[in-house]
Amino acid sequence: MKLLYLGDVMGRAGRSAVIGRLKTLRADWGVDFCVVNGENATSGAGLSGSHAKALLEAGADVVVLGDHAFDQKDMLQFIGKEPRVIRPLKFDKDAPGRGSGVFQDARGRKVLVAQVLGQVFMKRPFDDPFSAIDGVLKAHPRGGLVQASLVDMHCEATSEKMAMGHYCDGRASVVVGSHTHVPTADAMILSGGTAYQTDAGMCGDYDSVIGMEKDEPMRRFVTGMSRGRFSPALGEATVSGLFVETDDRTGAALRVVPVRDGGRLSAATP
Ligand SMILES: [Fe+2]
Ligand SMILES: [Fe+2]
């Protein structure tokens with residue numbers, strides 16, 4: 001199966017790039033199943049129901065979220081009605097929605113999608129992601145109940161993401177990091193056959209500071225003073241993510257390629 005994962009869609013620039021290009025990219029790359037991280041798609045903070053719908057209509061089979069899952073308050077209701085939107089496992093004991101789900105591609109092949117949040121350097125303490133994902137992977141063996149599985153590890157620390165990759169190695173088809181908005185150059189297949197990249201990067205304008213207009217973040221770093229709010233950068237976005245080909249029989253990854261289309265970053269195709 002050919003899986004495409006797209007990193008955090010950042011504001012209007014990211015949204016319009018993904019909505020405008022995803023159908024073509026899917027066709028060009030022969031993608032069977034596509035997961036998009038939408039946690040910053042609405043004004044850089046969270047995802048509204050209408051923007052979730054737009055990403056799904058544009059060609060996302062599943063939209064995952066992150067620490068900003070419910071920044072847009074209508075997501076608290078929307079996620080209960082739309083099973084194709086997944087928030088992190090153990091997000092909060094009262095959080096609506098699900099942290100994992102089993103979906104199908106157009107040919108009926110089953111794909112498990114799950115998201116976990118790391119604990120290192122995050123703004124508030126979240127539950128242990130390792131025990132959370134362990135139960136989900138045990139219940140959905142790769143090459144057994146599902147043909148493929150993808151785990152989105154949403155956190156700051158590269159070390160914690162790599163540890164999660166190895167923890168899921170041989171059990172998930174793909175472990176991909178999100179949240180830092182910068183793609184890492186370590187796409188690889190781990191020894192147990194799990195495709196891995198520490199961060200998929202954002203779908204956003206890279207002429208920015210992690211997707212925000214440069215002026216305010218630079219002022220805060222340079223002077224230590226804030227003078228306004230952050231606002232998403234509006235230049236042409238790079239669509240950034242990870243392409244993975246898997247073996248339907250075993251669920252193992254056969255090939256992993258970082259992908260980048262448009263905007264400032266150098267292009268990369270499967
Ligand atoms: Fe993000
Ligand atoms: Fe995040």
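The following conversation goes through several features of a predicted model and asks how each description is reached.

Biologist: What kind of model is this, and how are its residues numbered?

Modeller: This is a predicted model, in which local features need pLDDT of at least 70 and side-chain atom pairs count only at pLDDT 80 or more, while totals for chains, interfaces and linings use all residues. Residues are numbered from 1 along each chain as its sequence is written, chains are lettered from A and ligands numbered from 1 in the order in which they are written, and side-chain values use heavy atoms, with hydrogens and water left out.

Biologist: Why is arginine 26 called buried?

Modeller: Buried means under 20% relative accessible area, exposed means over 50%, and partly exposed is what lies in between, with a 1.4 Å probe and protein chains only. Arginine 26 has 16% relative accessibility, and therefore counts as buried. The residue lies in helix α1, where a helix is a DSSP run of H or I of at least four residues, a strand is a run of E of at least two, and both are numbered from the N terminus.

Biologist: Which residues does arginine 26 touch, not counting residues up to four places away in sequence?

Modeller: Contact means heavy atoms within 4.5 Å, and on that basis arginine 26 touches Val31, Asp32, Phe33, Cys34, Gly59 and Asp61. Arginine 26 and alanine 60 are 34 residues apart in sequence, and their C-alpha atoms are 9.6 Å apart in space.

Biologist: How do you know that the buried residues of α2 line one face of the helix?

Modeller: In α2, which covers residues 49-57, the buried residues are Gly49, His51, Ala52, Leu55 and Leu56. Seen down the axis, they fall within an arc of 165°, taken from the directions from the helix axis to the C-beta atoms, so they line one face of the helix. As a general point, an α-helix has 3.6 residues a turn, so residues three or four places apart point the same way. Ser50 and Glu57, on the other side of α2, are exposed, while the buried residues pack against α1 (11-29), β3 (62-64), α3 (75-81) and β4 (85-86).

Biologist: Why is α1 called roughly parallel to α2?

Modeller: Axes are lines fitted to C-alpha atoms, for helices over the stretch in contact, and angles run from 0 to 180 degrees between N-to-C directions. Angles under 35 degrees count as roughly parallel, over 145 as roughly antiparallel, 65 to 115 as roughly perpendicular and the rest as oblique. The axes of α1 and α2 come within 9 Å and cross at roughly 25°, and that makes the two helices roughly parallel. Arg15, Val18, Ile19 and Lys23 of α1 make the contact with His51, Ala54, Leu55 and Glu57 of α2.

Biologist: What can be said of α4 and α5 in the same terms?

Modeller: Helix α4 (residues 129-139) and helix α5 (residues 158-168) pack at an angle of about 25°, with their axes 11 Å apart, and they are therefore also roughly parallel to each other. Pro129, Phe130, Ile133, Asp134 and Leu137 in α4 meet Glu160, Ala163, Met164, Tyr167 and Cys168 in α5.
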